[in-house]
Amino acid sequence: MRSPVRDLARNDGEESTDRTPLLPGAPRAEAAPVCCSARYNLAILAFFGFFIVYALRVNLSVALVDMVDSNTTLEDNRTSKACPEHSAPIKVHHNQTGKKYQWDAETQGWILGSFFYGYIITQIPGGYIASKIGGKLLLGFGILGTAVLTLFTPIAADLGVGPLIVLRALEGLGEGVTFPAMHAMWSSWAPPLERSKLLSISYAGAQLGTVISLPLSGIICYYMNWTYVFYFFGTIGIFWFLLWIWLVNDTPQKHKRISHYEKEYILSSLRNQNGFLSSLPYLGSWLCMILSGQAADNLRAKWNFSTLCVRRIFSLIGMIGPAVFLVAAGFIGCDYSLAVAFLTISTTLGGFCSSGFSINHLDIAPSYAGILLGITNTFATIPGMVGPVIAKSLTPDNTVGEWQTVFYIAAAINVFGAIFFTLFAKGEVQNWALNDHHGHRH
């Protein structure tokens with residue numbers, strides 16, 4: 001669920017940035033054609049890149065089933081007596097030439113989780129490096145490195161659990177730079193009025209990669225053996241890297257095949273933007289979502305914070321924090337660097353809400369979480385619809401004072417939401433939501 005103030009503020013900012021020239025009299029360029037354009041070719045290549053990123057990430061979860069001796073896993077199954085009909089191993093006749101390993105459930109957990117130990121390390125450095133050297137090489141070599149390491153997975157597994165865990169962590173290091181690197185590239189390639197479309201296309205590959213690679217890995221294991229899962233996806237990753245290096249450039253100015261008209265369209269539409277800085281707020285929010293999720297679960301598991309307490313803390317930080325910096329942004333005059341800093345901090349802090357009210361549906365009614373999210377998200381889209389209209393009506397002359405009023409309103413909505421949630425939120429499954437799901441309550 002989206003935070004109302006972030007919708008209001010984001011639409012305010014994007015409306016004023018995308019549709020209102022920052023300099024008086026600045027012309028708005030006519031959009032270049034979409035068909036065969038360099039920017040949409042970039043989006044399509046990025047789509048397949050993120051398809052591979054997630055395929056390389058999740059293929060082990062399927063292959064691991066075929067890598068492990070089923071008798072070892074069966075010994076760890078403590079529910080076999082309670083649910084005997086679900087505990088008997090299913091006899092499936094398929095290729096059995098792949099080597100089997102005696103890894104218990106705990107070992108398998110370490111193997112699967114090791115990827116993220118590397119992944120979390122390169123998030124912030126990835127954004128910084130991309131701003132210095134560009135996203136093309138960083139993204140390309142990040143995926144290439146993961147693909148090459150994937151080819152060595154069978155060898156690492158033969159060497160033992162330790163080498164396999166190290167290999168997966170190194171793969172995580174490579175993939176950790178991919179999203180920051182792509183954001184850096186789009187800061188130079190995406191015209192403001194096409195950002196949503198271009199980024200949606202490129203990042204949609206991640207979801208499709210998961211959807212396709214999971215069943216495809218199972219098919220490969222069935223008809224061949226588990227080693228070919230890594231050979232197949234690793235080879236695909238290397239092939240994609242060659243296309244990426246050949247067809248993509250960091251900026252329109254460096255692209256050899258872009259039309260002059262499209263290049264001028266992109267450059268003129270970005271001329272009055274803050275470039276890479278315009279993507280910083282969203283990059284910060286994305287990073288905060290990842291880190292806050294880890295922090296929230298640690299507070300509950302290791303420090304024994306109640307679910308309700310954690311949801312309240314993270315919602316307060318994620319709603320009051322942005323409100324403070326949003327109001328402060330209205331009092332900095334023409335200091336553009338400070339404006340970017342405040343808006344980045346504001347949007348970043350909003351990421352805490354992902355571990356606050358945004359997932360509270362699962363706490364209070366897991367059986368109806370989908371329905372509840374649909375209802376709440378429907379209301380959460382209202383600020384996105386009316387925000388631009390209200391902002392335009394309140395800022396006819398685009399003065400600082402007028403924008404301060406907009407920020408006051410947005411901040412007030414957030415503060416009200418934070419107080420309301422803190423007073424009335426619950427942290428456990430409600431009686432009306434039990435309905436044969438008593439096991440959810442804790």
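The legends below describe close-up views of a predicted model.

Local features are given only where pLDDT is at least 70 and side-chain atom pairs only at pLDDT 80 or more, while totals for chains, interfaces and linings use all residues. Residues are numbered from 1 along each chain as its sequence is written, and side-chain values use heavy atoms, with hydrogens and water left out.

View 1. Helices (H or I, at least four residues) and strands (E, at least two) are DSSP runs, numbered from the N terminus. Of the 442 residues, 45% count as buried; buried means under 20% relative accessible area, exposed over 50%, and partly exposed in between, with a 1.4 Å probe and protein chains only. The accessible surface comes to about 22500 Å², and carbon and sulfur atoms account for 68% of it; areas come from the Shrake-Rupley method with a 1.4 Å probe, and for residues only the protein chains shown count as cover. A contact means heavy atoms within 4.5 Å. Among contacts between residues at least 6 apart in sequence, 81% join residues at least 24 apart.

**View 2. The largest nonpolar core contains 59 residues.** Such a core is a set of buried Ala, Val, Leu, Ile, Met, Phe, Trp, Tyr and Cys residues joined through side-chain atoms within 4.5 Å. The residues with the most contacts inside this core are M67, W103, M182, W186 and W244. Helix α2 (residues 38-67) supplies the largest share, 17 residues. Leaving aside residues up to four places away in sequence, M67 touches L60, K99, K100, Y101, W103, A157, W226 and F230.

**View 3. Helix α2 has a kink of about 30°, centred on V58.** The bend at a residue is the angle between axes fitted to the seven residues ending there and the seven starting there. From first C-alpha to last, the 30 residues of α2 reach 43 Å, close to the 44 Å expected at 1.5 Å a residue; the expected span is 1.5 Å times one less than the number of residues. Because 24 of its 30 residues are buried, α2 is largely enclosed by the rest of the structure.

**View 4. A55 lies in helix α2.** A55 is buried, with a relative accessible area of 1%. It touches G209, S213 and F233, not counting residues up to four places away in sequence. Q207, in helix α11 (residues 195-223), is 152 residues from A55 in sequence and 9.5 Å from it, C-alpha to C-alpha. Q207 is exposed, at 52% relative accessible area.

**View 5. N304 has a positive phi of about 60° although it is not a glycine.** Most residues other than glycine have a negative phi. N304 sits in the loop between α14 (280-301) and α15 (307-329) and is exposed, with a relative accessible area of 66%. Helix α15 has 23 residues and reaches 33 Å from its first C-alpha to its last, close to the expected 33 Å. Its buried residues include F314, M319 and L326.

**View 6. C288 is in no disulfide.** A disulfide is a pair of cysteine sulfur atoms within 2.5 Å, and the structure holds zero of them. The cysteine sulfur nearest to C288 is that of C353, 8.9 Å away. C288 is buried, with a relative accessible area of 8%. C221 also counts as buried, at 5%.
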